[in-house]
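Good morning, and thank you for joining. I would like to take you through one model, from its surface to its contacts and its open space.

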Amino acid sequence: MGLNFLDFEQPIIDIETQIEDLRQVGNNTKIDLSDKIERLERDRIKLARSIFSQLTPWQVVQLARHSHRPRFLDYIEHIFDHFDELHGDRQFADDRAIIGGLAYLGTEPVMVIGQHKGRNTVERAACNFGMPKPEGYRKALRLMQLAERFRLPVLTFIDTPGADPGVASEERNQSGALAANLQAMSQLNVPVIATVIGEGGSGGALAIGVADRLLMLQYSVYSAISPEGCASIIWGNKEKSSAASVDQAAKTVVNHAAEAAAIMAMTADRLLDLKLVDQVIEEPLGGAHRNPAEMMRRLKTVLLEQYAQLRQEDPQSRLEKRYQRLISLGL
């Protein structure tokens with residue numbers, strides 16, 4: 001399949017290799033090996049279900065970051081029709097880490113906005129690896145205000161390790177851009193649905209995540225900080241204070257990242273238990289990258305269902321619920 005496999009998937013890979021070998025033998029020798037192949041396929045599915053039913057939080061983080069996981073533009077291409085991209089923040093530049101524009105969800109016109117990590121090396125560099133700069137968030141705000149003017153629902157897709165932390169972004173008021181989006185999204189009169197499709201990191205994710213409905217894919221994550229960042233604060237600083245080398249401190253962070261992920265309540269099922277997420281969308285066996293078409297179909301169905309529910313609500317009542325939801329977080 002040309003996929004990058006994770007360490008915990010090795011037993012599944014071994015069976016898939018056996019299946020591929022048997023198929024090649026059958027093709028080359030005309031020997032009927034279909035019974036053996038079918039038996040191995042059943043074993044593969046059974047093993048995959050067992051492994052993916054008991055993933056650790058750190059393994060979920062690895063899946064959320066998988067290099068072959070569908071990106072925002074993939075969802076645009078397969079869920080929406082007639083997408084017309086709108087560029088720029090009208091102040092500084094067009095940030096490719098946030099992409100947005102007008103589209104149709106089924107027969108409904110919508111404003112769709114999302115964070116894009118890129119699907120190859122060139123695209124990832126152009127998108128700053130999914131870390132938006134202030135102009136990206138200002139572009140998102142401009143598009144939300146445009147949607148408000150024309151009474152279009154706003155659908156956002158979250159997939160970022162966090163907002164760009166560079167000096168240039170700070171000079172252009174990164175924190176102010178994030179805060180402006182939080183305030184504006186809490187007051188939008190149109191329905192807002194946010195979906196975490198991969199990695200939802202810090203205020204960079206929340207700045208397009210204030211919504212009437214917050215959805216998460218099964219193997220996505222959503223947190224105030226990355227596991228590595230958390231480990232650096234808790235364990236890395238301890239190493240530095242004891243005069244350990246920078247290299248040793250870095251190794252400590254890596255070693256404790258899994259432990260941090262386990263205590264951070266960042267996986268979709270845990271956040272659903274805490275009632276911070278409205279719905280978790282089941283991914284195909286092995287993750288969204290194993291069957292992107294099926295993942296797109298499932299998400300489109302849920303988006304249509306959620307929007308149908310929201311459009312029946314009184315706008316003022318919906319706005320009040322969104323505000324109460326926002327101020328109740330963490331209580």
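Let me begin with Ile-233, which counts as exposed because its relative accessibility is 52%; buried means under 20% relative accessible area, exposed over 50%, and partly exposed in between, with a 1.4 Å probe and protein chains only. Please note that this is a predicted model, in which local features need pLDDT of at least 70, side-chain atom pairs count only at pLDDT 80 or more, and totals for chains, interfaces and linings use all residues. Residues are numbered from 1 along each chain as its sequence is written, and side-chain values use heavy atoms, with hydrogens and water left out.

Ile-233 sits in helix α10, residues 227-241; helices (H or I, at least four residues) and strands (E, at least two) are DSSP runs, numbered from the N terminus.

Turning to salt bridges, the structure holds 25, each being a side-chain nitrogen of Lys or Arg within 4 Å of a carboxyl oxygen of Asp or Glu. One of them joins Arg-44 to Glu-16, with the closest N and O atoms 3.8 Å apart. Arg-44 belongs to helix α2 and Glu-16 to helix α1 (residues 10-29), so this pair ties together parts 28 residues apart in sequence. Arg-44 counts as buried, at 18% relative accessibility, and Glu-16 is likewise buried at 18%.

Another bridge, between Glu-199 and Arg-65, has its closest N and O atoms 3.0 Å apart. This pair links distant parts of the chain, 134 residues apart: Glu-199 is in strand β5 (residues 192-201), and Arg-65 is in the loop between α3 (57-64) and α4. Glu-199 is buried at 8% relative accessibility, whereas Arg-65 is partly exposed at 29%. Both belong to a network of salt bridges that also links Arg-71, Lys-117, Asp-159 and Glu-228.

Within helix α13 (residues 292-310), Arg-297 and Glu-294 lie three residues apart, about one turn of the helix. Their side chains meet in a salt bridge at 2.7 Å, N to O. Arg-297 is partly exposed, at 47% relative accessibility.

How many aromatic pairs are there? The count comes to five, where rings of Phe, Tyr and Trp (its six-membered ring) pair if their centres lie within 6.5 Å, with planes under 30 degrees apart counted as stacked, over 60 as edge-to-face and the rest as tilted. Phe-52 and Tyr-219 form a tilted pair, 5.9 Å centre to centre with 55° between the planes. Phe-52 is buried, with a relative accessible area of 8%, and Tyr-219 is buried at 6%.
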